[in-house]
Structure formats: C-alpha cells, structure tokens
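Subject: Structure for your review

Dear colleague,

Please find below the structure that I am handing over to you. My findings follow it, and I would be grateful if you read them with the structure open.

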Amino acid sequence: MSDAIVSILVSAIVLGSLYSLMASGLSLIWSTLGVFNYAHGALLLLGAYFIWTFSEKAGLPVLLAFAAAIPLLALLGILLDLVAVRPFISRPNGTLLVMVSTLAIANAVEGAAQMIWGPQNRQIDAVTTATLSLGDVKIVGSTLISLGLALVLVIGLMTLLRKTEWGMAVRAVEQNRDMAMLVGIRPARVYGTVFAVAAVLACAAAFVYGTTTTITPTKGFEPLLTAFVVLVFGGSATLWGTLVGAFTIGLLEAGTTYWLGLQWSPVAVFLVLVLIMLIRPQGLVKGRSS
C-alpha cells in the first residue's frame with residue numbers, strides 16, 4: 001500500500017508540474033487580456049520539438065537544448081500576439097475573434113509539425129538517469145527537476161507581478177486599460193511581453209512533457225484541455241490557485257489511473273470540475289489578482 005501511495009505521489013508531482021506551467025501561462029493571458037489562448041498547446045508542441053531537434057539533431061545536451069528553445073518560444077509568443085491577437089482584440093466581439101484566430105494558429109502549427117517532424121513518436125532524453133529509492137519505488141531525477149522547475153518559474157512569476165514595474169503595468173492594464181494609458185502605460189507593449197512570458201512557461205511545460213512521454217503533432221491539445229480545467233478548478237484570479245489546482249488535478253489523475261485505470265482518469269477530473277463549479281464557481285482559491 002505504501003509503495004502504491006508513493007507511486008501515485010510521484011506521478012502527481014510530474015503531472016502537477018506540467019499543468020502548473022501550462023495553466024500559469026493561460027492564467028496570465030486570461031487575467032490580462034480576458035481571452036483564452038487556444039494556441040498555447042501549439043506553443044508547448046513547438047517547444048518540445050525544438051528541444052528534441054536541438055538535442056537529437058544538433059547534439060546539444062538536453063538542458064542546453066532547453067535553454068536554446070526559450071528565446072525562440074518567447075519570439076513566437078510575441079509573433080502570436082502580433083498576428084492573432086492585436087489585429088482583433090479592440091474590435092467588436094474581439095474576444096471571440098481572438099479565440100478563433102488562436103484556434104486557427106493551433107491547427108496550422110499542427111499541420112506544419114506533421115510536415116516538418118512527421119507523425120512518429122519522439123521523446124526528449126531525460127536530463128539524468130539518477131534515481132532515489134523510497135521502498136520498492138524508484139524516483140527518477142527528472143521528477144524532482146520537473147517539480148523544481150515548476151515551483152521556481154511559477155513563484156518567480158508571482159514575484160515579478162508583485163515586485164517589478166512590469167508587473168505593476170500588467171496589473172494596471174488588467175484592472176483598467178484606459179486609466180493605464182493615461183499614466184503612460186502602453187497596453188500593446190504589455191500584451192506582447194505577457195505573450196512572451198506565457199510562451200516561455202509553455203516551453204518549460206514542453207520540457208517536462210517531452211521528457212516524460214512521447215510527442216506527436218496531435219498531442220498539444222490534451223495538456224491544453226487539462227490546463228483549462230486547472231484554471232477553472234483552482235481559480236483564474238490568482239497563481240496560487242493555479243498551483244493548488246494543478247497539483248490537485250495531478251493527484252486526482254494519478255490516483256484514478258492507478259486504482260481505476262487510465263480510461264477513468266478524465267471522467268473523474270471532469271466530475272470533480274463540475275462539482276467545484278457548482279459549489280465554488282470562483283474556483284478553489286479566491287483572489288483579486290496575481
């Protein structure tokens with residue numbers, strides 16, 4: 001029994017790390033612009049393929065390949081804002097138009113990935129083969145690296161939003177765009193940086209995802225959907241809620257997969273989501289802003 005619990009907790013750490021990184025980017029965009037970015041899963045997909053290419057084709061160590069992919073993803077985030085968000089966000093029904101345009105980008109990226117990398121399963125090598133034994137359960141080093149990466153980046157983002165001039169600008173635009181412009185803040189520049197930061201978080205999620213499972217061009221949507229559940233489950237108004245929601249959903253998925261089977265995992269997640277929405281529509285953690 002104890003080994004089963006350890007196995008579930010290890011799986012929950014990996015899943016929670018992945019979902020917290022994905023949902024933090026979605027939460028940042030949602031709280032700042034009020035739109036859902038359907039292309040966020042495509043950014044994760046591209047990040048994973050970039051890391052795999054730099055590692056397998058260019059021969060870079062995995063961590064160096066990950067570092068090389070980060071600026072590329074940041075640029076793609078800015079490009080996504082310029083192409084799929086900025087031309088539509090100020091128009092009537094701008095929120096709906098942005099959702100459609102980002103969905104179109106996601107489909108285009110999936111098609112491009114099919115042509116460039118093919119439909120084969122790819123997997124990024126683990127950073128380390130070191131293991132930590134707890135009873136009969138061996139915890140691989142990449143599990144702890146995933147947890148550390150998620151905590152450092154998400155808590156670091158919280159600190160940036162609270163302590164820096166950029167964070168104050170983001171919160172000002174979030175609360176009142178017109179008033180922010182009156183004090184000299186340029187919302188367009190804020191939106192661009194928000195998309196760049198969200199893309200970097202997607203790249204970190206890609207690192208966790210690609211080192212723990214295989215990637216194909218169609219695998220961007222599944223973690224995006226679960227990240228959306230985390231966003232609703234934990235509460236979109238605070239990154240603490242995102243963290244709590246991510247690791248709770250990760251634990252729920254790991255537990256149901258272990259005890260009931262993989263096919264029951266999404267059923268359990270969505271049942272709990274419906275229950276939370278009925279009892280606490282604001283999510284588990286209520287907050288004004290990150």
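Helix α5 covers residues 141-163, which makes 23 residues. At 1.5 Å a residue, α5 should span 33 Å, and its end C-alpha atoms are 32 Å apart, so the two values agree. Please bear in mind that this is a predicted model.

Which residues of α5 are buried? They are G141, S142, T143, S146, L149, A150, V154, L157, M158 and L161. These buried residues pack against helix α1 and several other elements, namely α3 (62-85), β2 (137-140), α6 (165-175), α8 (187-212) and α10 (239-259).

L144 also belongs to helix α5.

I turn next to helix α2. The 17 residues of α2 should span 24 Å at 1.5 Å a residue, and the end C-alpha atoms are 24 Å apart, which agrees. Of these 17 residues, 14 are buried, so α2 is largely enclosed by the rest of the structure.

How do α1 and α2 lie relative to each other? Helix α1 (residues 2-33) and helix α2 (residues 40-56) pack at an angle of about 130°, and their axes are 10 Å apart. The two helices are therefore oblique to each other. Their crossing is right-handed.

Which residues form this contact? From α1 come L18, M22, G25 and L26, and from α2 come H40, G41 and L44. Sorted by class, the contact has four nonpolar residues, three polar residues and no charged residues.

One of the residues in this contact, H40, deserves a separate paragraph. H40 lies in helix α2. Is H40 buried or exposed? Its relative accessible area is 0%, so H40 is buried. Setting aside neighbours within four places in sequence, H40 is in contact with M22, G25 and L26, and also with A198, A202 and L224. M22, G25 and L26 are among the α1 residues that meet α2.

Yours sincerely,

A colleague

Definitions and conventions. Residues are numbered from 1 along each chain as its sequence is written. This is a predicted model: local features need pLDDT of at least 70, side-chain atom pairs count only at pLDDT 80 or more; totals for chains, interfaces and linings use all residues. Side-chain values use heavy atoms; hydrogens and water are left out. Axes are lines fitted to C-alpha atoms, for helices over the stretch in contact, and angles run from 0 to 180 degrees between N-to-C directions. Helices (H or I, at least four residues) and strands (E, at least two) are DSSP runs, numbered from the N terminus. Angles under 35 degrees count as roughly parallel, over 145 as roughly antiparallel, 65 to 115 as roughly perpendicular and the rest as oblique. A crossing is left-handed if the near helix is turned anticlockwise from the far one by less than a right angle, and right-handed if clockwise. Contact means heavy atoms within 4.5 Å. Ala, Val, Leu, Ile, Met, Phe, Trp, Tyr, Cys and Pro count as nonpolar, Asp, Glu, Lys and Arg as charged, and the others, Gly among them, as polar. The expected span of a helix is 1.5 Å times one less than its number of residues. Buried means under 20% relative accessible area, exposed over 50%, partly exposed in between (1.4 Å probe, protein chains only).
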